[in-house]
Amino acid sequence: PDSVAEQLEADYTRIATTALPSIVEINSAGGIGSGVVFDDAGNIVTNAHVVGNATEFQVRFATGSATYPAVLVYSWLPDDLAVIRVSGAGDLQPAAFGRSSDVDVGDIVMAMGNPFGLDSSVTEGVVSALGRTVAEPPGENSPGTVLRDAIQTSAPINPGNSGGALVNLSGE
């Protein structure tokens, strides 16, 4: 690439190509959300408000069209965190996870998920603030929660992005 802008564009493309195979769409009777492949055993990290009261799910990878069954492993409402396990999916590509303690205001990030049920969505922005407290309101299938120490981003995030990845320029 000849310019800084072209190099950044090449970085975005490389990161999206590397990270998107680790992003999934999660469907349940209660709704739709996103998740991130954690390991080769089929564990997927998502938000507790994505799984809600459901214990069974259908998972579709951002880079494919087939769906696979998944079950709830654990849900921890106080931190809005949940793990589900997909079965039969074959060659899983776990995400590279970074450390939130290494995040700084101004870092360029990409939000990846499935907003509105659209697959392979990537938006970009910066880390706007750290340590935010955010209320996740109760819904039909979720009791809601208060998230503490959240990372705020300017990357557009819409319904269905919940549980997806916020990826830095190192692809973590």
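1. Some terms come first. Buried means under 20% relative accessible area, exposed over 50%, and partly exposed in between, with a 1.4 Å probe and protein chains only. Strands are DSSP runs of E with at least two residues, numbered from the N terminus. Two strands pair if DSSP finds at least two bridges between them.

2. This is a predicted model: local features need pLDDT of at least 70, side-chain atom pairs count only at pLDDT 80 or more, and totals for chains, interfaces and linings use all residues. Residues are numbered from 1 along each chain as its sequence is written, and side-chain values use heavy atoms, without hydrogens and water.

3. Start with the overall fold. Six strands close into a barrel, in the order β1-β2-β3-β6-β5-β4, with antiparallel pairing. On average, neighbouring strands of this sheet are turned by 40 degrees against each other, direction ignored; axes here are lines fitted to C-alpha atoms, and angles between N-to-C directions run from 0 to 180 degrees.

4. Look at strand β6, residues 81-86. Its side chains alternate. Ala82, Ile84 and Val86 point to one face and are buried.

5. On one pairing, β6 runs antiparallel to β3 (residues 43-46) over four bridges. Ala82 of β6 stands opposite Thr46.

6. β5 (residues 67-76) is joined to β6 by six bridges, also antiparallel. Here Val83 in β6 faces Tyr74.

7. β2 (residues 31-37) and β3 run antiparallel, joined by two bridges. Val36 has Val45 in β3 as its bridge partner.
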